[in-house]
Amino acid sequence: MYTGHFGAMDIHAPQPVGYAARLGLFSGTMLVVGGIIGSGIFLSPSVVAQRVGTAPLTLAAWSIGAVVAIIGGFVYAELGARRPQAGGTYVYLREAFGTLPAFLYGWALFLIMATGAIAAVAMTGASYLATLLGWAPESARALAVALIVILTLLNVLGVNIGATTGNVLTVLKLSAITILVVAALVMSPANALPVPAVAAAPLVPPQGMAATVVAMGAALVPVLFSFGGWQQTNAVAEELRDPARTLPRALIFGVLLVAATYLLVNLAYLRALGVEGLAASSAPAADTMFVFLGPAGRTLITCGIVASTVGFLGMVILMSARVYQAMAADGLFFQSMAALHPRTRTPVVALVAQGAVALVLLLTGTYGQLLDYVVFADWIFFGSTAATLFVLRRRDVQRVSQSDAPSMVKTPGHPFTTLIFMAAAIYVVIGSIISNPGNAARGAGLIALGVPVYLYWNARRRSSPPPSTN
């Protein structure tokens, strides 16, 4: 147990109900949904349509992505049930493979994966918000700074405040998406898009099985990126009531809800725009709403996109800080990050440090480039985390009593489904390297910088372990 100036905590023991573990199934499910649905579903469908060229293949790509995401949800659900501790992926990697790969995950998260995403998503949401308010585009950066500061502060004030804010925004974005889907599937088109919005070079569908496989593979990269994010909820396992039961259910319900949402949204896009119009559109959600509801529809979905991006931003801030908290509790990061505030039970220093790094990336304008460098790292760690299931299952055979075994969440079809998920992760990583080897090399270099940092902290931990109290 580490005692800091913000209070005491034990990262390795589940917190008592009503103390740190306060969120129920609904909040957990909303965390999953909010952690997945950001801006991807409003942007990626155009890229997918461009790469496959037909409506059936477009829907097939999103269906395959949904299957992979559902498998991933079950994998993480089982891991969450086996290790219901704050830190999520960090904990699973540490337990299965040791502290070095776990630290590299946390290092990449702190250096750019989370903080870069916070900066980039804040800028995206601020740009839409500036448009909605009728402000000059130059005001977007100041709005982005305000969003990061406000959402960090809300999470500092308490997990319930941060989670409630995220829940409200998640409900708002789901409401906007529901209106989009219902309008597209029930109403008749009422407005024609301007010619430039639909004009594009003719799509060339792939010819033959080999070409289809290649095209589908390319389309799956943005699809799987859009589905990423369900793993974030595992990092706040100790904030949930009865995490061994609540976390797996929240993951499964949340991923299924997102999968259904994504498929329905793509059906709506295709009905409104056709595959050619979808491929040509830079704002398919806004164009779809304009077709059925006119300018008011554009305004409504813009509000939904703002809610979506800001809600996603809040979830990333809430959940990523728990990873640094777990690292610090292991003596592998600044010890002040391990402490929970005695009243709010939040890792204040971890949240503030994360916000500070995100603001540096935002204000220097480097977040977009750096995010490209390590975007493939997400799926490196997805695949690595899935591999921990093999280790932890074998290790837990003797630890789990026979009476507990029936209640343990199990990944359906393991080991085959887990291997399929790992293969999908490897594919995304390889695809990212092939599409931009320079960025992949730079990203690998940034992650590799974590090795000497780890050696420093590990040596410091061995020579002077964190103080403990009973």
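This is a predicted model: local features need pLDDT of at least 70, side-chain atom pairs count only at pLDDT 80 or more; totals for chains, interfaces and linings use all residues.
Trainee: Start with the inside. Which residues touch the most other members of the largest nonpolar core?

Mentor: Tyr90, Phe103, Phe227, Trp230, Tyr324, Phe333 and Trp379. That core has 142 residues.

Trainee: Which helix gives the most to this core?

Mentor: Helix H11, residues 284-329. H11 gives 22 residues.

Trainee: Take Phe103. What does Phe103 touch, not counting residues up to four places away in sequence?

Mentor: Tyr90 and Met327, then Leu332 and Phe333. Phe103 also touches Gly450, Val453, Tyr454 and Trp457.

Trainee: Switching to Trp107. Where is Trp107 found?

Mentor: In helix H5, residues 99-133.

Trainee: Is Trp107 buried or exposed?

Mentor: Buried. The relative accessible area of Trp107 is 15%, and the cut-off for buried is under 20%.

Trainee: What is Trp107 in contact with, leaving aside neighbours within four places in sequence?

Mentor: Met327, Leu446, Ile447, Leu449, Gly450 and Val453.

Trainee: What about Leu446? Which of its atoms lies 3.0 Å from a polar side-chain atom of Trp107?

Mentor: The backbone oxygen of Leu446.

Trainee: How far apart are Trp107 and Tyr324, in sequence and in space?

Mentor: In sequence, 217 residues. In space, 8.5 Å, C-alpha to C-alpha.

Trainee: Now Thr89. Which helix is that in?

Mentor: Helix H4, residues 89-97. Thr89 has a relative accessible area of 3%, so it counts as buried.

Trainee: Which residues are in contact with Thr89, beyond neighbours within four places in sequence?

Mentor: Tyr76, Tyr105, Gln231 and Thr385.

Trainee: On to charges. How many salt bridges does the structure hold?

Mentor: Nine. One of them joins the side chains of Arg83 and Glu95, at 3.8 Å, N to O.

Trainee: Where do Arg83 and Glu95 sit?

Mentor: Arg83 is in the loop between helix H3 (55-82) and H4. Glu95 is in helix H4.

Trainee: Which residue does Asp330 meet in a salt bridge?

Mentor: Arg94, through the side chains, at 2.7 Å, N to O. This pair also links distant parts of the chain, 236 residues apart. Asp330 is in the loop between H11 and helix H12 (348-364), while Arg94 is in helix H4.

Trainee: And are Asp330 and Arg94 buried or exposed?

Mentor: Asp330 is buried, and Arg94 is too.

Trainee: Why can such side chains pair at all?

Mentor: Side chains of opposite charge can pair when their charged atoms come close.

Trainee: What about Arg298? Which side chain does it meet?

Mentor: That of Asp287, in a salt bridge of 3.2 Å, N to O. Arg298 counts as partly exposed, at 27% relative accessibility. Asp287 is buried, with a relative accessible area of 7%.

Trainee: Last one. Which residues are linked in a network of salt bridges?

Mentor: Glu78, Arg82, Arg83, Arg94, Glu95, Asp330, Arg393 and Asp396.

Conventions:
Residues are numbered from 1 along each chain as its sequence is written. Side-chain values use heavy atoms; hydrogens and water are left out. A nonpolar core is a set of buried Ala, Val, Leu, Ile, Met, Phe, Trp, Tyr and Cys residues joined through side-chain atoms within 4.5 Å. Buried means under 20% relative accessible area, exposed over 50%, partly exposed in between (1.4 Å probe, protein chains only). Helices (H or I, at least four residues) and strands (E, at least two) are DSSP runs, numbered from the N terminus. Contact means heavy atoms within 4.5 Å. A polar contact is a pair of N or O atoms within 3.5 Å; within protein, one must be able to donate a hydrogen and the other to accept it, and residues adjacent in sequence count only if both atoms are side-chain atoms. A salt bridge is a side-chain nitrogen of Lys or Arg within 4 Å of a carboxyl oxygen of Asp or Glu.
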